[in-house]
Amino acid sequence: MSLMVGLLYGTKMAKEHNKPFIPIHHMQAHALTVRMVEKVNFPFMVFLVSGGHCLLAVVKDVDEFYLLGNELDDAPGEALDKVARRLKLRNIPGYETLSGGGAIEKMAKLGDHLSIRFPVVMTQTLNCNFSFAGLKQRAQEIIQEEEQKYGIVADEIIPTVANFCASFQYAVARHMIRRLERALIYAEAKGFIPERPKSMVLSGGVACNEFIRDAVRQVCNKYDYELFCPPPKLCTDNGIMIAWNGMEKWIAGKGITKDIDSITVENKSLIGKSLIEDVENTRIRLRNPVKLVQNKDASQETTS
């Protein structure tokens with residue numbers, strides 16, 4: 001409904017003032033926002049992670065995107081938020097105003113990420129798609145088991161909450177980077193990204209999570225990519241990113257619609273041409289996947 005209201009208002013203004021109209025794809029805008037503050041040339045890889053999306057794509061130009069993988073069910077931000085709510089983290093002093101993902105990230109710094117085992121998901125699915133529903137379900141089961149074990153009632157918090165948060169955050173990041181690693185191998189095999197420089201953009205609300213950002217950086221280091229992350233404000237300010245995308249298209253002379261009456265709103269629209277099937281047909285197996293290194297307080301490191 002809000003999209004339709006915006007469309008009707010925007011087209012009305014364009015007609016009344018004889019101005020051009022530039023339709024914007026929300027996820028394409030996310031992908032290009034980093035170019036406001038960093039020199040990131042086309043083509044580049046983009047990893048968009050938020051409460052509603054998780055996708056990997058090649059960005060060839062301001063209007064040319066190739067989708068390598070996306071979420072099949074829950075997005076990572078949604079999984080983190082729901083698990084944080086189930087843990088009742090907002091009942092802890094100092095956590096009241098944090099987002100679910102922010103609360104888990106803060107609590108995880110106090111815990112051991114190897115203390116609770118979560119399954120490694122989609123190990124036999126040779127594509128770059130994501131699924132967080134299974135991890136979320138397992139998290140809820142473990143929380144219930146811990147509550148029963150310690151006799152937790154009402155608003156009480158399980159005593160193992162720090163270890164739980166560290167382990168769950170680790171499991172989410174591990175799943176993300178394994179799909180990312182396959183995407184980078186595929187992009188190299190297809191010649192999508194030039195040898196130098198190779199750029200990776202990590203954007204979206206979940207990109208503000210320092211642990212996940214560091215996990216992506218470890219993969220980038222292995223494959224000689226430079227990682228670019230927009231400032232947190234640009235990851236969440238839809239107005240700025242939509243305006244910037246419109247300016248980029250205007251300067252490039254692309255995506256400017258002359259027939260305003262033909263513009264419609266699509267509830268679901270892929271970021272670009274899907275190569276998901278081709279990725280799976282390529283049958284890329286990760287022989288030696290990146291093993292996450294947890295950097296605790298910039299001094300203590302633990303590998304797994």
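**Terms and their grounds**

Author: Glu 78 and Lys 82 form a salt bridge, with 2.8 Å between the closest N and O atoms. The model is predicted, so local features need pLDDT of at least 70 and side-chain atom pairs count only at pLDDT 80 or more, while totals for chains, interfaces and linings use all residues. Residues are numbered from 1 along each chain as its sequence is written, and side-chain values use heavy atoms, with hydrogens and water left out.

Reader: What makes the contact of Glu 78 with Lys 82 a salt bridge?

Author: The term requires a side-chain nitrogen of Lys or Arg within 4 Å of a carboxyl oxygen of Asp or Glu. The closest N and O atoms of Glu 78 and Lys 82 are 2.8 Å apart, so the pair meets the definition.

Reader: Why are Glu 78 and Lys 82 separated by about one helical turn?

Author: Because the two residues lie four residues apart in helix H3, about one helical turn separates Glu 78 and Lys 82. Helices here are DSSP runs (H or I, at least four residues), strands are runs of E with at least two, and both are numbered from the N terminus.

Reader: Why is Glu 78 called partly exposed?

Author: Buried means under 20% relative accessible area, exposed over 50%, and partly exposed in between (1.4 Å probe, protein chains only). Glu 78 has 24% relative accessibility and therefore counts as partly exposed. Lys 82, at 31%, also counts as partly exposed.

Reader: How do you know that Lys 233 is exposed?

Author: Lys 233 has a relative accessible area of 56%, so it is exposed. Its salt bridge partner is Asp 237, with the closest N and O atoms 3.2 Å apart. Asp 237 has 21% relative accessibility and so counts as partly exposed.

Reader: Which salt bridge links distant parts of the chain?

Author: Asp 74 and Lys 136 meet through their side chains in a salt bridge (2.7 Å, N to O). Asp 74 is in the loop between S3 and helix H3 (76-87), and Lys 136 is in helix H5 (residues 133-150), 62 residues apart. Both residues are buried. A search of the whole structure finds 16 salt bridges.

Reader: Why is Leu 227 called buried?

Author: Leu 227 counts as buried because its relative accessibility is 16%. The residue is placed in strand S5 (residues 226-228).

Reader: What makes Leu 3, Met 4, Leu 8 and Val 265 a patch?

Author: Patches are made of residues with over 30% relative accessible area and no salt bridge; like charges are joined within 9 Å, and nonpolar side chains (Val, Leu, Ile, Met, Phe, Trp, Tyr) within 5 Å. Met 4, in helix H1 (residues 2-16), has a relative accessible area of 37% and is thus partly exposed. Together the four residues form a nonpolar surface patch with about 350 Å² of accessible area, by the Shrake-Rupley method with a 1.4 Å probe, where for residues only the protein chains shown count as cover.

Reader: What makes a space a cavity, and how many cavities of 30 Å³ or more does the structure hold?

Author: On a 1 Å grid over the protein atoms alone, a cavity is a set of points where a 1.4 Å probe fits but cannot get out, and lining residues have an atom within 4 Å of a point. The structure holds two cavities of 30 Å³ or more. The largest cavity has a volume of about 50 Å³, and its lining includes His 113 and Phe 118.

Key: 1 Å grid on protein atoms, 1.4 Å probe; cavity = no way out; pocket = protein on both sides within 12 Å on 5 of 7 lines; lining within 4 Å. Points joined across faces, edges and corners; volume = space filled by probe spheres on them.
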